[in-house]
Amino acid sequence: MPAPLILGSTSPYRRDLLARLRLPFECRRPEVSETPAPGEDAQALATRLALAKAVDVATHAPDAWVIGSDQVAALDGAPLGKPGDRNGAIVQLSAMAGRTVVFHTAVALVRNGEPARQALDRTQVRFRTLDRATIERYVDAEQPFDCAGSFKCEGLGIALFEAITSDDPTALIGLPLIETARLLREAGYAVP
């Protein structure tokens, strides 16, 4: 019987994605500061935070495998945080309109006494040209205040894009399932 599995996240998006793999798991909140280190780029930040979240939860569950994940969007190489509110979402979407944004989604699988397993997905999203009225209509309809990039691609946010380039369509939602399934198989889980 495989070790218990914990998702080191309380994100409903990540929880729903991991449930697709049909493995029993529980969710626990990691206590990790998401503040970027000085000069830390988006890829390094996502990778560091995914590992830190998994390690934090694993310290309280020594027999379990713990999944940590983090996503950081980058516009012109600069990390974008979650908007937090309506105005923040409008500002972010206005800045991204007509441009390409790169989303770095990292995943880490950790168990005490085992080497950490990690992966990173890089997804490019090309936004269509968006006017203020379109942005406000979208933000008011979906309220994506807790989402990197100020949109929900699994919902109405898909209408904001011209194209998505990715090796894993689930990564943009918050957990790259192709890589997560590979890491879990490496750890001994039976994932089809």
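Asp76 is placed in the loop between strand S3 and strand S4, where helices (H or I, at least four residues) and strands (E, at least two) are DSSP runs numbered from the N terminus. The model is a predicted one, in which local features need pLDDT of at least 70 and side-chain atom pairs count only at pLDDT 80 or more, while totals for chains, interfaces and linings use all residues. Residues are numbered from 1 along each chain as its sequence is written, and side-chain values use heavy atoms, with hydrogens and water left out. Although Asp76 is not a glycine, its phi is positive, at about 55 degrees. Asp76 counts as exposed because its relative accessibility is 63%; in this scheme buried means under 20% relative accessible area, exposed means over 50%, and partly exposed lies in between, with a 1.4 Å probe and protein chains only. A positive phi, of about 45 degrees, is also found at Gln143, which is not a glycine. Gln143 belongs to the loop between helix H4 and strand S7 (161-165), and with a relative accessibility of 48% Gln143 counts as partly exposed.

Another loop residue, Thr10, is found between strand S1 and helix H1 and is partly exposed at 42% relative accessibility. Thr10 and Arg29 are 19 residues apart in sequence, yet their C-alpha atoms are 5.5 Å apart in space. When residues up to four places away in sequence are not counted, Thr10 touches Arg28 and Arg29, contact being taken as heavy atoms within 4.5 Å.

The interior was examined next. In soluble globular proteins, nonpolar side chains tend to be buried together. A nonpolar core is here a set of buried Ala, Val, Leu, Ile, Met, Phe, Trp, Tyr and Cys residues joined through side-chain atoms within 4.5 Å. The largest such core has 42 residues, and Ile67, Phe127, Phe151 and Leu184 are those that touch the most other members. At least two residues of this core come from each of strand S1 (5-7), helix H1 (12-19), strand S3 (65-75), helix H3 (86-96), strand S5 (100-110), strand S6 (117-127), helix H4 (132-142) and helix H5 (177-186). Beyond its neighbours within four places in sequence, Ile67 is in contact with residues including Leu5, Leu18, Ala54, Val107, Leu175 and Leu184. A second, separate core holds 17 residues, among them Ala54, Ala61, Val66 and Ala106.

The largest pocket has a volume of about 660 Å³. On a 1 Å grid over the protein atoms alone, a pocket is an open set of points where a 1.4 Å probe fits, with protein on both sides within 12 Å along at least five of seven lines, and lining residues have an atom within 4 Å of a point. Grid points are joined across faces, edges and corners, and the volume is the space filled by probe spheres set on the points. Of the 32 residues that line this pocket, Arg14, Glu34, Asp70, Lys82 and Asp146 lie nearest its centre. Helix H1, helix H2 (42-58), strand S3 and strand S4 (78-80) each supply at least two residues of the lining. The lining is made up of 16 nonpolar, 7 polar and 9 charged residues, where Ala, Val, Leu, Ile, Met, Phe, Trp, Tyr, Cys and Pro count as nonpolar, Asp, Glu, Lys and Arg as charged, and the others, Gly among them, as polar.

The structure holds 12 salt bridges, each being a side-chain nitrogen of Lys or Arg within 4 Å of a carboxyl oxygen of Asp or Glu. One of them joins the side chains of Lys53 and Asp70, at 2.6 Å from N to O. Because Lys53 lies in helix H2 and Asp70 in strand S3, this pair ties together parts that are 17 residues apart in sequence. Lys53 is buried, with a relative accessible area of 7%, and Asp70 is buried too, with 5%. Glu186 and Leu109 are 77 residues apart in sequence and 10.0 Å apart in space, C-alpha to C-alpha. In a further salt bridge, the closest N and O atoms of Arg48 and Glu40 are 2.7 Å apart; Arg48 is partly exposed at 33% relative accessibility, whereas Glu40 is buried at 14%.
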